[in-house]
Amino acid sequence: MEEKKSKKSFWMIIVLACAGLIGYLYMNVIYPNQKLKEEIANINKQLPIMVDPSTRLDSATFDKNELTYSYTFLNADVTEIELDKFAAELNTRLKINACKNEGTKEILNSGKTMKYTYKDKNNADVASVSLNKTDCDAK
């Protein structure tokens, strides 16, 4: 009889632990990701949109814990840009701005990566910058 009670208690603990794990995963992984996907879908309904007189936001995606924003420089030609210097400056500015923004910091602190890609007026790659939690840790 004691053995049956012990087995029943064991299975009750397992069931409760599984329920707790499922609840944790839903609240901390599934729900936030679903909410972010819905926000990205809403952003994409408004795109493309000009973010300044020469830069257009073309798309936003969320896949495999990476949020990607894709931009086009409408007046730039990759052959006229010092790519290394531009990428370094872009990286610095994006980190500063991202780490000042509470919403962005929240996304990064949740373990997600934010990636910003830029193309020129001819659809050639100009730069790509990825940010993660460690980029704001020292700030």
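Are Cys99 and Cys136 buried or exposed? Cys99 is buried, and Cys136 is buried too. Buried means under 20% relative accessible area, exposed over 50%, partly exposed in between, with a 1.4 Å probe and protein chains only.

Some ground rules. This is a predicted model: local features need pLDDT of at least 70, side-chain atom pairs count only at pLDDT 80 or more, and totals for chains, interfaces and linings use all residues. Residues are numbered from 1 along each chain as its sequence is written, and side-chain values use heavy atoms, with hydrogens and water left out.

Back to the cysteines. Searching the whole structure gives 1 disulfide, meaning a pair of cysteine sulfur atoms within 2.5 Å. Cys99 and Cys136 form it, with sulfurs 1.9 Å apart. The link is left-handed, at -90° about the S-S bond. Cys99 sits in helix 2 (residues 83-100) and Cys136 in helix 4 (residues 134-137), so the pair ties together parts 37 residues apart in sequence. Helices (H or I, at least four residues) and strands (E, at least two) are DSSP runs, numbered from the N terminus.

Two strands pair if DSSP finds at least two bridges between them.

Strand 4 (residues 113-119) and strand 5 run antiparallel, joined by 6 bridges. Lys115 stands opposite Ser130 in strand 5.
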